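Please open the model in your viewer and keep a selection panel at hand. The stops below move from the whole chain to single side chains, and each one names what to select next.

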Amino acid sequence: MFRKLKNTFSKISAKVKQEAGKVNVIKKIEGSKLKKLSNDLEDELLSNNIAYGVVNEILDAVKNSSAKNLKVDLKNKLKEILSSNKINILEEKNPTIIMLIGVNGAGKTTTLAKLAQKIKKNKKKCVMAAGDTFRAAAIEQLEQHGKNLDVKIISHNYGSDSAAVAFDAVEHAKSKNLDYVLIDTAGRNHANEDLMRELEKVKRVVKPHYTILVVDSLTGNDAVDQAKLFGKKIGVDGVILTKTDADERGGAIISVAHESGKPILFLGSGQGYDDLEEFDADKILNQII
Ligand SMILES: Nc1nc2c(ncn2[C@@H]2O[C@H](COP(=O)(O)OP(=O)(O)OP(=O)(O)O)[C@@H](O)[C@H]2O)c(=O)[nH]1
Ligand SMILES: [Mg+2]
(Lines give C-alpha, C1' and ligand atoms only; values in the text may rest on other atoms or scores of the structure.)
(Ligands and ions follow the chains in the order given, each with its own letter.)
Protein backbone atom coordinates (compact mmCIF):
# COMPACT_ATOMS: atom_id res chain seq x y z
CA MET A 1 0.00 0.00 0.00
CA PHE A 2 1.20 3.54 -0.81
CA ARG A 3 4.48 2.30 -2.27
CA LYS A 4 4.22 4.74 -5.13
CA LEU A 5 3.30 7.72 -2.99
CA LYS A 6 6.19 6.96 -0.68
CA ASN A 7 8.58 6.86 -3.64
CA THR A 8 7.19 10.18 -4.82
CA PHE A 9 7.97 11.93 -1.58
CA SER A 10 11.45 10.42 -1.26
CA LYS A 11 12.23 11.35 -4.85
CA ILE A 12 11.15 14.96 -4.44
CA SER A 13 12.89 15.25 -1.13
CA ALA A 14 16.14 13.94 -2.66
CA LYS A 15 15.85 16.40 -5.54
CA VAL A 16 15.33 19.29 -3.15
CA LYS A 17 18.39 18.27 -1.14
CA GLN A 18 20.43 18.02 -4.31
CA GLU A 19 19.46 21.53 -5.43
CA ALA A 20 20.05 22.92 -1.98
CA GLY A 21 23.48 21.25 -1.94
CA LYS A 22 24.39 22.89 -5.23
CA VAL A 23 23.72 26.40 -3.99
CA ASN A 24 25.22 25.39 -0.69
CA VAL A 25 22.43 26.81 1.42
CA ILE A 26 19.75 24.84 3.16
CA LYS A 27 17.40 27.71 2.60
CA LYS A 28 14.91 28.54 -0.07
CA ILE A 29 15.42 27.24 -3.56
CA GLU A 30 14.40 30.02 -5.78
CA GLY A 31 13.46 30.93 -9.32
CA SER A 32 13.44 28.42 -12.13
CA LYS A 33 14.75 25.58 -9.99
CA LEU A 34 11.87 25.93 -7.63
CA LYS A 35 9.47 26.04 -10.55
CA LYS A 36 10.98 22.84 -11.93
CA LEU A 37 10.71 21.07 -8.56
CA SER A 38 7.19 22.28 -8.13
CA ASN A 39 6.31 20.93 -11.60
CA ASP A 40 7.92 17.60 -10.75
CA LEU A 41 5.98 17.39 -7.52
CA GLU A 42 2.77 18.28 -9.34
CA ASP A 43 3.30 15.54 -11.96
CA GLU A 44 4.13 12.97 -9.33
CA LEU A 45 1.10 13.78 -7.17
CA LEU A 46 -1.25 13.70 -10.15
CA SER A 47 0.16 10.36 -11.29
CA ASN A 48 -0.64 9.01 -7.83
CA ASN A 49 -4.34 9.65 -8.36
CA ILE A 50 -4.50 12.77 -6.24
CA ALA A 51 -7.18 15.06 -7.65
CA TYR A 52 -6.10 18.26 -9.39
CA GLY A 53 -7.61 20.67 -6.87
CA VAL A 54 -5.93 18.85 -4.00
CA VAL A 55 -2.57 18.87 -5.76
CA ASN A 56 -2.79 22.64 -6.17
CA GLU A 57 -3.55 23.08 -2.52
CA ILE A 58 -0.61 20.89 -1.53
CA LEU A 59 1.73 22.83 -3.84
CA ASP A 60 0.46 26.07 -2.40
CA ALA A 61 1.18 24.89 1.12
CA VAL A 62 4.83 24.12 0.33
CA LYS A 63 5.59 26.94 -2.07
CA ASN A 64 7.56 28.89 0.52
CA SER A 65 9.16 25.90 2.18
CA SER A 66 12.88 25.76 2.63
CA ALA A 67 14.66 22.59 1.57
CA LYS A 68 15.01 21.70 5.21
CA ASN A 69 11.35 22.13 6.01
CA LEU A 70 9.75 20.74 2.86
CA LYS A 71 9.11 17.29 4.30
CA VAL A 72 7.60 18.60 7.51
CA ASP A 73 5.46 21.14 5.67
CA LEU A 74 4.19 18.47 3.29
CA LYS A 75 3.41 16.18 6.18
CA ASN A 76 1.54 18.89 8.05
CA LYS A 77 -0.54 19.76 5.01
CA LEU A 78 -1.45 16.12 4.40
CA LYS A 79 -2.25 15.68 8.07
CA GLU A 80 -4.61 18.63 7.88
CA ILE A 81 -6.36 17.02 4.88
CA LEU A 82 -6.58 13.58 6.46
CA SER A 83 -7.68 14.52 9.96
CA SER A 84 -11.13 16.00 9.42
CA ASN A 85 -13.67 15.66 12.24
CA LYS A 86 -13.21 12.10 13.46
CA ILE A 87 -16.28 10.13 14.45
CA ASN A 88 -16.70 6.80 16.18
CA ILE A 89 -19.40 4.81 14.41
CA LEU A 90 -19.13 2.02 16.94
CA GLU A 91 -20.36 4.34 19.67
CA GLU A 92 -23.26 2.62 21.45
CA LYS A 93 -26.71 4.01 20.85
CA ASN A 94 -28.87 0.98 21.72
CA PRO A 95 -28.92 0.02 18.92
CA THR A 96 -26.48 1.93 16.74
CA ILE A 97 -27.78 1.87 13.16
CA ILE A 98 -25.16 1.87 10.42
CA MET A 99 -25.96 1.84 6.71
CA LEU A 100 -23.36 1.24 4.02
CA ILE A 101 -23.85 2.76 0.56
CA GLY A 102 -21.80 2.97 -2.61
CA VAL A 103 -21.42 1.94 -6.24
CA ASN A 104 -21.52 -1.67 -7.50
CA GLY A 105 -18.65 -3.80 -6.31
CA ALA A 106 -17.14 -1.17 -4.00
CA GLY A 107 -17.00 -3.70 -1.17
CA LYS A 108 -20.13 -2.83 0.86
CA THR A 109 -21.22 -6.36 1.72
CA THR A 110 -17.71 -7.55 2.57
CA THR A 111 -17.13 -4.46 4.72
CA LEU A 112 -20.45 -5.00 6.49
CA ALA A 113 -19.31 -8.50 7.43
CA LYS A 114 -15.96 -7.12 8.59
CA LEU A 115 -17.77 -4.63 10.83
CA ALA A 116 -19.83 -7.50 12.26
CA GLN A 117 -16.59 -9.31 13.04
CA LYS A 118 -15.22 -6.21 14.81
CA ILE A 119 -18.42 -5.90 16.83
CA LYS A 120 -18.22 -9.56 17.85
CA LYS A 121 -14.60 -9.11 18.90
CA ASN A 122 -15.75 -6.21 21.10
CA LYS A 123 -18.16 -8.71 22.69
CA LYS A 124 -21.19 -6.86 21.33
CA LYS A 125 -24.10 -8.13 19.29
CA CYS A 126 -25.45 -7.12 15.92
CA VAL A 127 -27.96 -8.02 13.24
CA MET A 128 -27.40 -7.52 9.52
CA ALA A 129 -30.15 -6.37 7.16
CA ALA A 130 -30.10 -7.78 3.61
CA GLY A 131 -31.11 -4.44 2.12
CA ASP A 132 -29.78 -5.36 -1.32
CA THR A 133 -32.96 -6.92 -2.67
CA PHE A 134 -31.91 -6.01 -6.20
CA ARG A 135 -28.79 -7.89 -7.32
CA ALA A 136 -29.03 -11.64 -7.96
CA ALA A 137 -27.45 -13.66 -5.13
CA ALA A 138 -26.94 -10.59 -2.90
CA ILE A 139 -29.13 -12.05 -0.14
CA GLU A 140 -27.38 -15.44 -0.23
CA GLN A 141 -24.01 -13.67 -0.14
CA LEU A 142 -24.94 -11.88 3.09
CA GLU A 143 -26.52 -15.04 4.50
CA GLN A 144 -23.25 -16.89 3.96
CA HIS A 145 -21.40 -14.19 5.91
CA GLY A 146 -24.04 -14.47 8.64
CA LYS A 147 -23.45 -18.22 8.83
CA ASN A 148 -19.67 -17.84 8.92
CA LEU A 149 -19.82 -15.19 11.63
CA ASP A 150 -22.80 -16.59 13.49
CA VAL A 151 -24.71 -13.33 13.07
CA LYS A 152 -28.45 -13.09 12.46
CA ILE A 153 -29.57 -11.83 9.03
CA ILE A 154 -32.94 -10.22 8.39
CA SER A 155 -34.02 -10.70 4.77
CA HIS A 156 -37.12 -10.46 2.59
CA ASN A 157 -37.57 -11.59 -1.01
CA TYR A 158 -35.80 -10.17 -4.03
CA GLY A 159 -37.59 -7.13 -5.39
CA SER A 160 -39.07 -6.27 -2.02
CA ASP A 161 -38.77 -2.89 -0.33
CA SER A 162 -35.34 -2.50 1.14
CA ALA A 163 -36.60 0.06 3.68
CA ALA A 164 -38.94 -2.62 5.07
CA VAL A 165 -36.01 -5.03 5.52
CA ALA A 166 -34.02 -2.36 7.35
CA PHE A 167 -37.03 -1.47 9.49
CA ASP A 168 -37.52 -5.12 10.49
CA ALA A 169 -33.85 -5.44 11.37
CA VAL A 170 -34.09 -2.41 13.68
CA GLU A 171 -37.21 -3.87 15.32
CA HIS A 172 -35.39 -7.18 15.75
CA ALA A 173 -32.41 -5.45 17.37
CA LYS A 174 -34.67 -3.56 19.75
CA SER A 175 -36.63 -6.64 20.77
CA LYS A 176 -33.46 -8.70 21.34
CA ASN A 177 -31.49 -5.89 22.91
CA LEU A 178 -28.76 -6.00 20.28
CA ASP A 179 -26.12 -3.30 20.09
CA TYR A 180 -25.89 -2.68 16.34
CA VAL A 181 -27.91 -2.88 13.14
CA LEU A 182 -25.77 -3.14 10.01
CA ILE A 183 -27.66 -2.40 6.80
CA ASP A 184 -26.41 -3.64 3.43
CA THR A 185 -27.70 -1.84 0.34
CA ALA A 186 -27.64 -2.44 -3.41
CA GLY A 187 -24.82 -0.91 -5.43
CA ARG A 188 -25.88 2.03 -7.56
CA ASN A 189 -24.64 5.00 -9.49
CA HIS A 190 -26.13 8.46 -9.63
CA ALA A 191 -27.81 7.80 -12.99
CA ASN A 192 -29.95 5.14 -11.38
CA GLU A 193 -32.68 7.39 -10.03
CA ASP A 194 -34.88 4.53 -8.76
CA LEU A 195 -32.13 3.04 -6.65
CA MET A 196 -31.12 6.49 -5.39
CA ARG A 197 -34.71 7.11 -4.30
CA GLU A 198 -34.76 3.72 -2.59
CA LEU A 199 -31.72 4.72 -0.57
CA GLU A 200 -33.38 7.99 0.44
CA LYS A 201 -36.36 5.97 1.60
CA VAL A 202 -34.28 3.59 3.72
CA LYS A 203 -32.67 6.61 5.29
CA ARG A 204 -36.01 8.29 5.95
CA VAL A 205 -37.57 5.16 7.43
CA VAL A 206 -34.82 3.90 9.76
CA LYS A 207 -32.85 7.11 10.29
CA PRO A 208 -29.42 5.48 10.53
CA HIS A 209 -27.03 7.11 12.99
CA TYR A 210 -24.31 6.69 10.42
CA THR A 211 -24.55 6.55 6.65
CA ILE A 212 -21.17 5.39 5.44
CA LEU A 213 -19.93 5.58 1.87
CA VAL A 214 -17.83 2.61 0.79
CA VAL A 215 -15.34 3.51 -1.92
CA ASP A 216 -12.96 1.26 -3.84
CA SER A 217 -9.58 2.96 -3.56
CA LEU A 218 -8.61 1.63 -6.99
CA THR A 219 -11.24 3.72 -8.77
CA GLY A 220 -8.91 6.74 -8.89
CA ASN A 221 -10.44 10.11 -9.57
CA ASP A 222 -13.92 8.65 -9.87
CA ALA A 223 -13.75 8.07 -6.11
CA VAL A 224 -13.94 11.82 -5.64
CA ASP A 225 -17.03 12.11 -7.85
CA GLN A 226 -18.70 9.30 -5.91
CA ALA A 227 -17.95 10.99 -2.60
CA LYS A 228 -19.38 14.30 -3.81
CA LEU A 229 -22.44 12.76 -5.40
CA PHE A 230 -23.54 10.44 -2.62
CA GLY A 231 -22.78 13.22 -0.17
CA LYS A 232 -25.05 15.60 -2.00
CA LYS A 233 -27.89 13.21 -2.81
CA ILE A 234 -28.02 11.00 0.27
CA GLY A 235 -25.81 12.59 2.90
CA VAL A 236 -22.73 10.79 4.15
CA ASP A 237 -21.20 10.83 7.64
CA GLY A 238 -17.95 9.08 6.84
CA VAL A 239 -16.07 7.00 4.29
CA ILE A 240 -14.52 3.54 4.25
CA LEU A 241 -11.93 2.92 1.54
CA THR A 242 -11.60 -0.69 0.43
CA LYS A 243 -8.98 -2.68 -1.47
CA THR A 244 -6.13 -0.56 -0.17
CA ASP A 245 -4.09 -3.79 -0.15
CA ALA A 246 -4.14 -3.62 -3.94
CA ASP A 247 -3.70 0.15 -4.19
CA GLU A 248 -0.08 1.02 -4.87
CA ARG A 249 -0.77 4.72 -5.21
CA GLY A 250 -2.77 5.72 -2.16
CA GLY A 251 -3.90 9.00 -3.70
CA ALA A 252 -7.61 8.16 -3.40
CA ILE A 253 -7.38 8.42 0.37
CA ILE A 254 -6.03 11.96 0.17
CA SER A 255 -8.44 13.06 -2.57
CA VAL A 256 -11.56 11.60 -1.00
CA ALA A 257 -10.73 12.98 2.45
CA HIS A 258 -10.19 16.42 0.96
CA GLU A 259 -13.07 16.60 -1.50
CA SER A 260 -15.74 15.00 0.67
CA GLY A 261 -14.74 16.83 3.84
CA LYS A 262 -15.81 13.66 5.65
CA PRO A 263 -13.62 11.52 7.85
CA ILE A 264 -12.07 8.31 6.55
CA LEU A 265 -13.04 5.74 9.18
CA PHE A 266 -11.53 2.43 8.14
CA LEU A 267 -9.39 0.97 5.39
CA GLY A 268 -10.22 -2.40 3.89
CA SER A 269 -6.95 -4.25 3.44
CA GLY A 270 -7.89 -7.71 2.18
CA GLN A 271 -10.71 -10.18 1.71
CA GLY A 272 -10.64 -11.69 5.21
CA TYR A 273 -12.98 -10.68 8.03
CA ASP A 274 -10.14 -9.16 10.02
CA ASP A 275 -8.87 -7.06 7.14
CA LEU A 276 -10.41 -3.78 8.26
CA GLU A 277 -8.05 -1.32 9.87
CA GLU A 278 -9.07 1.73 11.78
CA PHE A 279 -7.89 4.75 9.83
CA ASP A 280 -4.97 6.48 11.49
CA ALA A 281 -3.62 9.55 9.67
CA ASP A 282 -0.33 9.60 11.61
CA LYS A 283 0.35 5.95 10.92
CA ILE A 284 -0.15 6.46 7.20
CA LEU A 285 1.86 9.65 7.03
CA ASN A 286 4.73 8.02 8.87
CA GLN A 287 4.68 5.29 6.24
CA ILE A 288 4.78 7.63 3.27
CA ILE A 289 6.81 10.68 4.26
N1 LIG B 1 -8.44 -7.22 -1.92
C2 LIG B 1 -9.57 -6.76 -1.39
N3 LIG B 1 -10.74 -7.16 -1.90
C4 LIG B 1 -11.87 -6.67 -1.33
C5 LIG B 1 -11.85 -5.75 -0.25
N6 LIG B 1 -13.14 -5.44 0.07
C7 LIG B 1 -13.92 -6.14 -0.79
N8 LIG B 1 -13.17 -6.88 -1.64
C9 LIG B 1 -13.61 -7.76 -2.73
O10 LIG B 1 -14.34 -6.98 -3.68
C11 LIG B 1 -15.36 -7.76 -4.28
C12 LIG B 1 -16.70 -7.02 -4.18
O13 LIG B 1 -17.05 -6.95 -2.83
P14 LIG B 1 -18.56 -6.84 -2.31
O15 LIG B 1 -18.49 -6.73 -0.84
O16 LIG B 1 -19.39 -7.92 -2.89
O17 LIG B 1 -18.96 -5.46 -2.97
P18 LIG B 1 -20.40 -4.74 -2.95
O19 LIG B 1 -20.15 -3.27 -2.89
O20 LIG B 1 -21.26 -5.31 -1.91
O21 LIG B 1 -20.93 -5.14 -4.41
P22 LIG B 1 -22.45 -5.07 -4.95
O23 LIG B 1 -23.30 -5.68 -3.92
O24 LIG B 1 -22.43 -5.85 -6.23
O25 LIG B 1 -22.74 -3.62 -5.19
C26 LIG B 1 -15.35 -9.10 -3.54
O27 LIG B 1 -14.66 -10.03 -4.32
C28 LIG B 1 -14.60 -8.79 -2.26
O29 LIG B 1 -13.94 -9.93 -1.73
C30 LIG B 1 -10.56 -5.34 0.27
O31 LIG B 1 -10.42 -4.53 1.18
N32 LIG B 1 -9.46 -5.88 -0.35
MG1 LIG C 1 -23.16 -6.11 -1.97
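Begin with the surface of the whole protein chain, which in this predicted model exposes about 13500 Å², with carbon and sulfur atoms supplying 47% of that area. Switching to a cartoon display brings up 11 helices and 8 strands. If contacts with a separation of 6 or more are considered, residues 24 or more positions apart account for 73% of them.

Next, colour the charged side chains. The protein chain carries 46 positive and 39 negative side chains, and the centres of these two sets lie 4 Å apart. Side chains of opposite charge can pair when their charged atoms come close. How many salt bridges does the count give for this model? The count comes to 16 salt bridges, and the next stops visit some of them.

Select Lys-77 and Glu-57, whose side chains meet in a salt bridge with an N to O distance of 2.8 Å. Lys-77 belongs to helix H4 (residues 70-82) and Glu-57 to helix H3 (residues 52-62), so this pair ties together parts that are 20 residues apart in sequence. Is Lys-77 buried or exposed? With a relative accessible area of 9%, Lys-77 is buried, whereas Glu-57, at 30% relative accessibility, counts as partly exposed.

Glu-80 counts as exposed, at 53% relative accessibility. With Glu-57, Lys-77 and Glu-80 displayed together, you have a set of residues that are linked in a network of salt bridges.

Now move on to Asp-216 and Lys-243, whose side chains meet in a salt bridge of 3.3 Å, N to O. Asp-216 lies in strand E5 (residues 210-216), while Lys-243 sits in the loop between strand E6 (238-242) and helix H10 (251-260), so the pair ties together parts that are 27 residues apart in sequence. Asp-216 counts as buried at 12% relative accessibility, and Lys-243 is partly exposed, with a relative accessible area of 30%.

For the next stop, select Thr-133, which is found in the loop between strand E2 (126-129) and helix H6 (138-149). Although placed in a loop, Thr-133 counts as buried, at 4% relative accessibility. Which residues does Thr-133 touch, not counting those up to four places away in sequence? Displaying its surroundings brings up Asn-157, Tyr-158, Gly-159, Ser-160, Ser-162, Val-165 and Glu-198.

Finish with residues 263-276, the span that UniProt, in an unreviewed entry, lists for "domain: SRP54-type proteins GTP-binding". In the model, the end C-alpha atoms of this span lie 16 Å apart, and residues 263-276 are 0% helix and 43% strand. The label itself comes from the UniProt record.

Key:
Residues numbered from 1 in each chain as written. Chains lettered and ligands numbered in written order. Predicted model: local features only at pLDDT ≥ 70, side-chain atom pairs only at ≥ 80, totals over all residues. Heavy atoms only, no water. Helix = DSSP H or I, 4+ residues; strand = E, 2+ residues; numbered from the N terminus. Contact = heavy atoms within 4.5 Å. Areas by Shrake-Rupley, 256 points an atom, 1.4 Å probe, with all protein chains shown as cover. Lys, Arg positive; Asp, Glu negative; His and termini not counted. Charge placed at Lys NZ, Arg CZ, Asp CG, Glu CD. Salt bridge = Lys/Arg side-chain N within 4 Å of Asp/Glu carboxyl O. Buried < 20%, exposed > 50% of the residue type's maximum accessible area, 1.4 Å probe, protein only. UniProt positions renumbered as here; feature names shortened; annotations may be inferred.
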